[in-house]
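I opened the structure to look up sheets, helices, salt bridges and surface. My notes follow.

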Amino acid sequence: MHSREEILDQLYELIGPHSEQPIVLSEQTRMMDDVGLDSMKVMELVMQIEDSFDVSVPLNILPDVNTIGEFASHLETLLQDADS
Amino acid sequence: MTNLLEKFRPLEEKRAALVASSGEDPFHVIVEKVISSTEAVVNGRKVIMVGTNNYLGLTFDPGCVEAACKAVREEGTGTTGSRMANGSYAAHVALESELAAFFNCPAAIVFSTGYIANLGVLSTLTGSGDVILMDADCHASIYDGTRLGAAQVIRFRHNDPADLEKRLQRLGEQSGRTLVVVEGIYSMLGDRAPLREIVDIKHRYGASLLVDEAHSLGVLGEHGRGLAEETGVEGEVDFITGTFSKSLGSIGGFCVSRWPELEHMRYAMRPYTFTASSSPSLIASTSKALQLLSRGVELRTKLWDNATRLYQGLAEMGFDLGPQISPVIAVKLPASVVNTPTLLWGELLSRGVYVNLVLPPAAPGGCSMLRCSLSAAHSPEQIDVVLNAFSAVSAKLQLEHHS
C-alpha cells in the first residue's frame with residue numbers, strides 16, 4: 001500500500017527532471033502550465049509513472065488531470081484497484 | 001476580451017516566425033502543376049517530389065487513369081452519401097471481395113480514407129472494459145481512433161517487445177480483452193515493427209493484434225501484402241488496416257480480418273456509417289492498382305533499389321538516419337542546428353528537391369527531420385539530384401560544426 005505522501009514524493013521525483021526551470025513542486029503545481037510539459041511529454045511521463053508504481057495508467061485519465069495532486073488522486077484509485 | 005479564436009494566436013505567431021526565418025511556409029506548400037508521379041512545379045520551379053508516399057508511382061499509370069475516367073463517365077463524380085443510407089455501388093462491394101482475396105481473409109471493409117478506417121475499427125472493436133495497447137510511435141489516426149472509443153488506452157515503448165510484454169503482464173486477466181496495435185512501417189522513421197516477437201507475445205497473453213500496413217502495403221512481402229506477409233505471420237494477425245492513398249495512388253482505406261465477424265462491425269462503426277462513400281473513379285483506379293500491386297515484383301525491386309541508393313548515399317555523407325533502409329528515409333537534424341531546419345528544407349527546395357519538413361513534436365524523440373519517401377517511379381538520375389542537394393545541406397551543417 002502506498003500512502004498519499006509516498007505517492008506524491010515519488011511523483012515529485014519523476015516530474016522534477018522534466019521541469020525546464022527550477023521549481024518547487026506541490027500538489028497544486030500544474031503539470032503543463034507550471035512544469036512546462038507538452039502533451040507528448042505528459043504521455044512519456046505516464047509510461048515512467050506506470051513503471052515506477054508498477055500499475056497501468058490509462059491515457060483516458062489525462063483530460064481530468066491538471067495538477068500533480070489530481071494525478072496522485074487518480075493513482076491512489078488505480079493502485080487500490082490493482083491491489084483488490 | 002478574449003474570444004474563441006484567441007487560442008490560435010500562438011500558433012499563428014509560430015507560423016509567422018517560421019515564414020520570416022526562411023521566406024517559405026513549409027506547411028502550406030502550393031503544388032502549382034503536377035508533371036508526373038515524381039515531378040511538379042513549386043514556386044515556379046520544377047522539383048523532384050521526394051515526400052509523397054507514392055511508393056509504386058501508380059498515380060499516372062495509364063490503366064489506373066483509364067479505369068478512373070471510365071468510372072466517372074459511367075457512374076458520375078460522386079456517390080453523394082454513405083453506403084448505409086444511399087447503398088453501396090457494386091464496385092465498392094467488388095473491391096472488398098478483391099481485398100479479401102488478396103489478403104486471403106474472409107472479410108474486408110472499404111472506408112473513405114485510411115484515417116477513417118482506423119477511426120472506425122479502433123473505436124468500435126474495443127469498448128468499455130477493453131484495452132488498447134499501442135506502440136508509442138503510432139500514427140495520429142490510431143490515437144484519434146482510441147479517443148473516439150471507450151477502451152482504456154495504454155502505450156508501450158516504440159518497437160520494444162519486452163516493454164509490451166511488461167504492460168500486458170500488468171493487465172492481468174484484462175490482457176485477453178486487449179488489442180495490441182502496431183504499424184508495418186512507421187511513417188516518420190521508416191522502421192518496421194518486430195512482428196514475430198510481437199505475435200509470440202500476443203499469443204502468450206491471449207491478446208488480439210492489429211497491424212496498420214499503411215506504409216508497407218505494396219512495399220513489403222513477395223506479393224506486397226506488407227510486413228505480416230514478409231514476416232510469415234499473416235494467419236496470426238487478427239486485423240490489418242491500410243490506405244489506398246500511398247502505394248495504390250488514390251484515396252480510401254480498408255480493414256481485413258481473419259475473423260468473419262468483421263462483417264458485423266460494418267453496422268456499428270460511426271466513421272463508416274456517417275460519411276460519404278468513395279467516388280466511383282477512386283474505387284475503379286484502386287481496383288486496377290491492386291492488380292498491379294499484387295504482381296508488382298518489378299516495381300518493388302525498383303523501389304528498394306531507389307531506397308538503398310538514397311539511404312547509402314546519405315549515410316556516406318554522415319547524416320543521422322532512421323535505423324533501417326526503407327522507402328521512408330528520415331534525415332534527423334542535430335538539435336544544435338543554427339541553420340534552422342526550415343532553412344535547410346528551403347535549401348533543398350531551391351535546388352529542386354521537395355521533402356517533408358518534420359518539426360517537434362511530430363518527430364519521435366523531439367528532433368527535427370527532413371523526411372524523404374521514395375517511389376518506384378524515381379529514376380536513379382533523380383536520386384542523384386536529391387543526393388547532390390543533400391550534399392549542399394551537409395556542407396552547410398559541417399561549416400556550422402567547424403565554425
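**Strand pairing first.** Two strands pair if DSSP finds at least two bridges between them. I kept that rule at hand for the sheets. I also noted at the start that this is a predicted model.

**Confidence.** I checked the scores before anything else. The model has an ipTM of 0.95 and a pTM of 0.96. For chain B, the average pLDDT is 95. In that chain, 98% of the residues score at least 70. I keep one caution in mind: where pLDDT is low, the predicted coordinates should not be read in detail.

**Sheet with strand 14.** I looked up the strand order 11-12-15-14 in chain B. These four strands make an open sheet with antiparallel pairing. Strand 11 (320–321) and strand 14 (356–358) of chain B are its edges, each pairing on one side only. How many bridges join strand 14 to strand 15 of chain B? I found three, and the two strands run antiparallel. Strand 15 covers residues 368–373. Opposite Val358(B) I found Met369(B), in strand 15 of chain B.

**Sheet with strand 1.** I then turned to another open sheet of four strands in chain B, with the order 1-2-3-13. Its pairing is mixed. The edge strands are strand 1 (31–34) and strand 13 (353–354) of chain B. Each of these pairs on one side only. Inside the order, strand 2 (residues 39–42) and strand 3 (residues 45–49) of chain B run antiparallel and are joined by four bridges. I picked out one partner: Val41(B) has its bridge partner, Lys46(B), in strand 3 of chain B.

**Helix 12, chain B.** I tested the length of this helix. It has 15 residues, 280–294, and at 1.5 Å a residue they should span 21 Å. The rule takes one less than the number of residues, so the 15 residues of helix 12 of chain B give that value. Its end C-alpha atoms are 21 Å apart, which agrees. Is helix 12 of chain B mostly covered or mostly open? It is mostly covered, with 11 of its 15 residues buried. Among the buried residues I listed Pro280(B), Ile283(B), Ala284(B), Leu290(B) and Leu293(B). Ser281(B), Ser285(B), Thr286(B) and Ser287(B) are buried as well.

**Salt bridge in helix 2, chain B.** The structure holds 34 salt bridges over all chains. I looked at Lys70(B) with Glu74(B), whose closest N and O atoms are 3.4 Å apart. Both lie in helix 2 (residues 62–75) of chain B, four residues apart, about one turn of the helix. Lys70(B) has 45% relative accessibility, so it counts as partly exposed. Glu74(B) is exposed, at 56%.

Asp163(B) meets Lys166(B) in a salt bridge of 3.6 Å, N to O. The two are three residues apart in helix 7 (residues 161–170) of chain B, so about one helical turn separates them. Asp163(B) also forms a salt bridge with Arg167(B), at 2.9 Å, N to O. That pair is four residues apart in helix 7 of chain B, again about one turn. Both Asp163(B) and Arg167(B) are buried. Which residues share this network? Salt bridges with shared partners join Glu50(A), Asp51(A), Asp54(A), Arg157(B), Asp163(B), Lys166(B), Arg167(B) and Arg170(B) into one network. Asp163(B) is at 4% relative accessibility, so it counts as buried. Lys166(B) is at 34%, and so partly exposed.

**Surface patch.** I found a nonpolar patch of about 480 Å² on chain B. Leu4(B), Leu5(B), Phe8(B) and Leu11(B) make it. Phe8(B) sits in the segment before helix 1 (9–22) of chain B.

**Pro194(B).** This residue lies in the loop between strand 7 (178–183) and helix 8 (195–205) of chain B. Pro194(B) is buried, with a relative accessible area of 17%. I took one distance: Pro194(B) and Asn306(B) are 24 Å apart in space, C-alpha to C-alpha. In sequence they are 112 residues apart.

Definitions and conventions. Residues are numbered from 1 along each chain as its sequence is written. Chains are lettered from A and ligands numbered from 1 in the order in which they are written. This is a predicted model: local features need pLDDT of at least 70, side-chain atom pairs count only at pLDDT 80 or more; totals for chains, interfaces and linings use all residues. Side-chain values use heavy atoms; hydrogens and water are left out. Patches are made of residues with over 30% relative accessible area and no salt bridge: like charges are joined within 9 Å, nonpolar side chains (Val, Leu, Ile, Met, Phe, Trp, Tyr) within 5 Å. Accessible areas come from the Shrake-Rupley method with a 1.4 Å probe; for residues, only the protein chains shown count as cover. A salt bridge is a side-chain nitrogen of Lys or Arg within 4 Å of a carboxyl oxygen of Asp or Glu. pLDDT is the predictor's confidence in each residue, from 0 to 100. Buried means under 20% relative accessible area, exposed over 50%, partly exposed in between (1.4 Å probe, protein chains only).
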